[in-house]
Amino acid sequence: TGIYFNLLSFTHPKKLRKEGFLLFCNPFARKLKPHQLEFLQKGIADVISLDGYKIQTYKWGNGSRKTLLVHGWASHSFRWKNYIEHLVQNDFTVYALDAPAHGLSSGKSIHVVLYAKVINAFLEMNSDVSSIISHSIGGFATTYFLNHYKENTIEKAVIMGAPGEASEFFDFYRQTLGLSTKSITLIIEEFEHQLGQLPNYFSSAKFAETITIPALIVHDKNDMATDFRHSVRLNRHWKNSQLLLTEGLGHDLKSKEVLKEVTAFVMK
């Protein structure tokens, strides 16, 4: 792929811009397995339309507290199964959505700006939701959402295992694919054209500086997908936040202890 892109940078630069950007935004998401679909079908399913996308949403329970679950890269709403069951038992109404190009939602690509727009559209339709629990790029999108969409009802946020800088994704692709300076420059130009900003604009720590609601930031020191130091920095910039660092849970952060900490935080 890297050799192909580097060749395109000279022969078809416009094609490289388009294909390079799409690769950057392609989650290569996994299809739902039968047992996952069976669980999700126990919730009340609905579809919302936004900018040509069909966004799959779910609802469980009828508790007095209402929360939205926002999944991460190449994932879908089933990743929250344990949270859904636990929260419903603790007087929550639980909502979840599949990001574009994930789960049962349509589309072939996803980026932070689009994901935040989806979150905002959902919350405009469900204005009684008062908290968000998010993971991975869902956490990055949640931070962007809270910074850019000031008119919202969210009172608490949980950010788990989130990346911190969009520019790091480009560093990863440059190194992994062996992209030339010309190739990466063209892809960044397309990124700016599509999203309206250069990659270094997308910094969760910068976004957090204007956010005032309480947040619980969770990250594992052994996370191989996103560096926990991003969450340490996020905690410093998010004035009303607390940081929970774990060890041995990896990027998924799946444990009863974390589940209880998150639930206790949003229940306060």
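Two strands are said to pair if DSSP finds at least two bridges between them. Helices (H or I, at least four residues) and strands (E, at least two) are DSSP runs, numbered from the N terminus. The model is predicted: local features need pLDDT of at least 70, side-chain atom pairs count only at pLDDT 80 or more, and totals for chains, interfaces and linings use all residues. Residues are numbered from 1 along each chain as its sequence is written, and side-chain values use heavy atoms, with hydrogens and water left out.

An open sheet is formed by eight strands in the order β1-β2-β4-β3-β5-β6-β7-β8, with mixed pairing. Its edge strands, each pairing on one side only, are β1 (44–50) and β8 (241–246). From one strand to the next, the twist averages 20°.

Strand β7 (residues 215–220) pairs with β8 in the parallel sense over six bridges. In this pairing H219 stands opposite L245 of β8, and V218 has L244 of β8 as its bridge partner. Strands β6 and β7 also pair in the parallel sense, over four bridges; here V158 has L216 of β7 as its bridge partner. Strand β7 is mostly covered, with six of its six residues buried (under 20% relative accessible area; exposed is over 50%, partly exposed in between; 1.4 Å probe, protein chains only). A215, I217 and H219 point one way from β7, while L216, V218 and D220 point the other way. Together with helix α10 (residues 229–237), β7 and β8 make a right-handed β-α-β unit: with the strands pointing away from the viewer, the path from the first strand over the helix to the second runs clockwise.

Helix α4 (residues 81–89) lies across β2 (53–60), β3 (65–70), β4 (92–97), β5 (131–135) and β6 (156–160), and runs at about 155° to β4. Axes are lines fitted to C-alpha atoms, for helices over the stretch in contact (heavy atoms within 4.5 Å), and angles run from 0 to 180 degrees between N-to-C directions. Helix α11 (residues 256–267) also packs on the sheet, touching β3, β4, β5, β6, β7 and β8, and its direction makes about 160° with that of β6.

Helix α2 (residues 13–24) packs with helix α8 (residues 181–195) at an angle of about 70°, the axes being 8 Å apart. Helix α2 is therefore roughly perpendicular to α8 (65 to 115 degrees; under 35 is roughly parallel, over 145 roughly antiparallel and the rest oblique). Residues in the contact include L16 and F21 of α2 and L186 and F191 of α8.
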